[in-house]
Structures are given as C-alpha cells and as structure tokens.
Amino acid sequence: MVPLIDTHIHLDALELAGTGVALLPQAQQNGIGKFIVPGVRSSGWHGLLALTRQQPEIFAAPGLHPAYAEQWSAKVAQQLQEFSRQPKVVAIGEIGLDGAAGPPLEQQETALRGQLQLALEAGLPVLLHGRKATGRLLDILRELEIGQQLGGVWHGFSGSLPVAEQLVLLGFHIGVGPILLRKNARKLPQAVIELPAEALLLETDLPDMAETPETLVAVAQKVAELRGWSLAEVARITTENAYRLFKKMN
Ligand SMILES: [Zn+2]
C-alpha cells in the first residue's frame, strides 16, 4: 500500500507539550508516510520550521489561524513571506474565518486577505479553516480566484454536499477527517460518496479531533467502505491528490 498522507495534523500543538514527534514511529508502522503541520500562531512558526528540519516526513503550512487574527501586522507578514520560501513549506495555513471564535470577522478578514495575497505571491496552496462564516469565506475565495490560481483544501469539512460541490468547482479539495467516524454523521458521508475522487484528502486534525495519528487509517477505511474501494485504492488516490496539490512535497 502507498503510504497515506495526513494533510492536517498539529504535531506541534501546545497541548502535546513537545510529545508530538514521539507519535510518528507508530503512525509510520501503520502506513502513514507524511504529515503536513499547519501554523496557528506566529510565535509557533519557528518551532514548526525546526520540526520540518528534524523530521524528513514532516512538512509545514505556516499561517495565522483566524482565532489569532489579531496578531497580523506588517512584521508578521514579512516573517510569513520569508517562511514561504523555505523548501519544506508546502502551503499557507491554516487561514480563514471563524464566526464562533477569535476577534471580530472584519479583523479576521484583514488577516485572511493579507495571507491570501502572500500565498498568491509565493504560488502556494492554502489550508482553509471555515466555521460559521462559510458564505463570506467563499465570496473572498471567489473574488481573488484562489481556487483557480493556487488551489487548496477546506480542512475538517462538515458541510453539505452542495457546499462541497461549490468548493470543488472553485478548485478546492475537501479535507476528510474524523467527523466521518461519528455514528450520527450524515452530510459528510454523502459528500464522500458523491464527490469526484480527485477532490478527496485525508486528515486527523490531531489533537482536537483525534488522539492518535492512526485515526487516519480509520478515516481511510471508512472512505473505502463508502466508495466501495479497497484501502490500498484510498491510499493511492488520496496520496496522489496530495502530491498534485502540494507540489513542493514532491
Ligand atoms: Zn487545524
């Protein structure tokens, strides 16, 4: 089986207190080959880059999470621009709008637009975080033609099939995570069944959504069951999708 790629895993999360890397050997034994670690706060970017230098299988997507949008400044923008040129920085993320956390949406939008501009300059895809502000986020992505120019992934997707289809039409991938494993999940399984195979990516969003990286294998198994694929096919398809999107990972 081709190794799986976890496209959204916070191995550097403060909750893990530096133990994230210790989770890797077991994850690799379970068939997970590469990990994309998104940024959250600007203070974490240096540590994130250090992690990619220590671990060949880890790649970075530095960015300001909408909950930390108040950190956005000219200095932070310059720092992000410098980081974007690093060889193991494969995307900008996680960026977006969160109507349930963080500063007012106007302030989040300023940080989002600034980071989208940097992503355009760097030619890097984006990891998107959208919660309770989907319409507004979609409008901005459409306006700046981010999907057509850069592509990206809507991480931790939990919306309806029509929203997923809009995202795919705009040029985005759908990040399928542990929400798929919930017994009462309805919308996400439907989207996983109906969407084009080329749109699907896998993620754990550890530690928020998963305790161990191996949860990715359970998500992949569920995708296999829903699509009528083998686990090996899920691995081949989603890993190809990841390499196509995150070109610097090749
Ligand atoms: Zn995240």
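**View 1. Asn30 sits in the loop between α1 (24–29) and β2.** Helices (H or I, at least four residues) and strands (E, at least two) are DSSP runs, numbered from the N terminus. The model is predicted: local features need pLDDT of at least 70, side-chain atom pairs count only at pLDDT 80 or more, and totals for chains, interfaces and linings use all residues. Residue numbers start from 1 along each chain as its sequence is written. With 15 other C-beta atoms within 10 Å, Asn30 is partly exposed; a residue is buried if 20 or more other C-beta atoms lie within 10 Å of its own, exposed if 12 or fewer, and partly exposed in between, with C-beta atoms placed from the backbone. Apart from neighbours within four places in sequence, Asn30 is in contact with Glu214 and Val217. Two residues are in contact if their C-beta atoms, placed from the backbone, lie within 7 Å. Glu198 is 168 residues from Asn30 along the chain, and the C-alpha atoms of the two are separated by 24 Å.

**View 2. Strands β1, β2 and β3 form an open sheet in the order β1-β2-β3, with parallel pairing.** Two strands pair if DSSP finds at least two bridges between them. β1 (4–6) and β3 (58–61) are the edge strands, each pairing on one side only. On average, neighbouring strands of this sheet are turned by 20° against each other, direction ignored. Axes are lines fitted to C-alpha atoms, for helices over the stretch in contact, and angles run from 0 to 180 degrees between N-to-C directions. Between β1 and β2 (residues 32–38) there are 3 bridges in the parallel sense. Leu4 stands opposite Ile32 in β2.

**View 3. An open sheet of 5 strands is ordered β4-β5-β6-β7-β8 and has parallel pairing.** Its edge strands, β4 (92–98) and β8 (200–202), each pair on one side only. Parallel strands β6 (residues 152–154) and β7 (residues 172–176) are joined by 3 bridges, and Gly152 stands opposite Phe172 in β7. Helix α4 (residues 105–122) lies across β4 and β5 (126–131) and runs at about 155° to β4.

**View 4. Helix α3 (residues 74–84) and α4 cross at roughly 30°, their axes coming within 10 Å.** The two helices are therefore roughly parallel to each other: angles under 35 degrees count as roughly parallel, over 145 as roughly antiparallel, 65 to 115 as roughly perpendicular and the rest as oblique. α3 passes α4 in a right-handed crossing. A crossing is left-handed if the near helix is turned anticlockwise from the far one by less than a right angle, and right-handed if clockwise. On the α3 side, Ala77, Leu80, Gln81 and Ser84 meet Gly114, Gln115, Leu118 and Ala122 of α4. The residues of this contact comprise 4 nonpolar, 4 polar and no charged. Ala, Val, Leu, Ile, Met, Phe, Trp, Tyr, Cys and Pro count as nonpolar, Asp, Glu, Lys and Arg as charged, and the others, Gly among them, as polar.

**View 5. Helices α8 (residues 187–194) and α9 (residues 215–227) pack at an angle of about 65°, with axes 9 Å apart.** Their crossing is right-handed. α8 contributes Pro189, Val192 and Ile193 to the contact, and α9 contributes Val223, Leu226 and Arg227. By class, the contact of α8 with α9 has 5 nonpolar residues, no polar and 1 charged.
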